Amino acid sequence: HMNIKEIVHMVACDHSCCKTCANNFFSVVIKDQNISQAVCPFCQEPGNLMEDDDVALGYYAKLDILLKDIMETEVHDLFQRKLRDRTLMKDPNFKWCYKCPFGFLADPKNKKLVCPDCRAMSCAKCLVPWEAQHEGISCQ
């Protein structure tokens, strides 16, 4: 028999399971997959996290509270980083550096991007490394 404190209720449906199983399932998803896969392991609800941002934001906020109580801090931190990255990547001014794994918000008025981490320079439009001939020409 399982203690009622050991039971975890899924956020978007009526399914539940033990803390250990929930921790194992969500830890694998967070470490190895896209967080849009962090849904109920029984019915895969909610199924529209990629399409409906309002549903996704509400779901992830509730899931975050659930996961904080059942998993190791490092895995929960990774979940929060992936959530932050998901939000940033929806911003049209968010750019990834071509040289290092750093991403940043770029000023849309600048044609030249400078990575705040490694200082690599690239063209804001075509994202190739910046060269002098980019000054005053189009990216075609």
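How do the residues of the lining of the largest cavity divide into nonpolar, polar and charged? The answer comes after a walk through the chain.

The model is predicted: local features need pLDDT of at least 70, side-chain atom pairs count only at pLDDT 80 or more, and totals for chains, interfaces and linings use all residues. Residues are numbered from 1 along each chain as its sequence is written, and side-chain values use heavy atoms, with hydrogens and water left out.

Start with the overall layout. The protein chain has three helices and six strands. Their order from the N terminus is β-β-α-α-α-β-β-β-β. Both kinds of element are DSSP runs numbered from the N terminus: helices are H or I with at least four residues, strands E with at least two. Along its principal axes the C-alpha trace spans about 70 × 30 × 20 Å.

Now the interior. A nonpolar core is a set of buried Ala, Val, Leu, Ile, Met, Phe, Trp, Tyr and Cys residues joined through side-chain atoms within 4.5 Å. Buried means under 20% relative accessible area, with a 1.4 Å probe and protein chains only. The largest core holds 24 residues; Met10, Phe26, Tyr60, Leu63, Leu67 and Phe79 touch the most other members. Helices H1 (19–32), H2 (53–70) and H3 each give two or more residues to this core. H2 supplies the largest share, seven residues. Apart from this core lies another, of eight residues, including Cys97, Phe104, Ala106 and Cys115.

Next, the open space. A pocket is an open set of points on a 1 Å grid over the protein atoms alone, with protein on both sides within 12 Å along at least five of seven lines; a cavity is a set where a 1.4 Å probe fits but cannot get out; lining residues have an atom within 4 Å of a point. The largest pocket has a volume of about 230 Å³. H3 (residues 73–89) gives the most to its lining, with four residues. Among the lining residues are Tyr60, Lys82, Asp85, Arg86 and Met89.

The largest cavity contains about 30 Å³. Trp96, Cys97, Tyr98, Phe104, Cys115, Ala120 and Ser122 line this cavity. That lining has six nonpolar residues, one polar and no charged.

Notes. Points joined across faces, edges and corners; volume = space filled by probe spheres on them. Buried < 20%, exposed > 50% of the residue type's maximum accessible area, 1.4 Å probe, protein only. Nonpolar A, V, L, I, M, F, W, Y, C, P; charged D, E, K, R; others polar.
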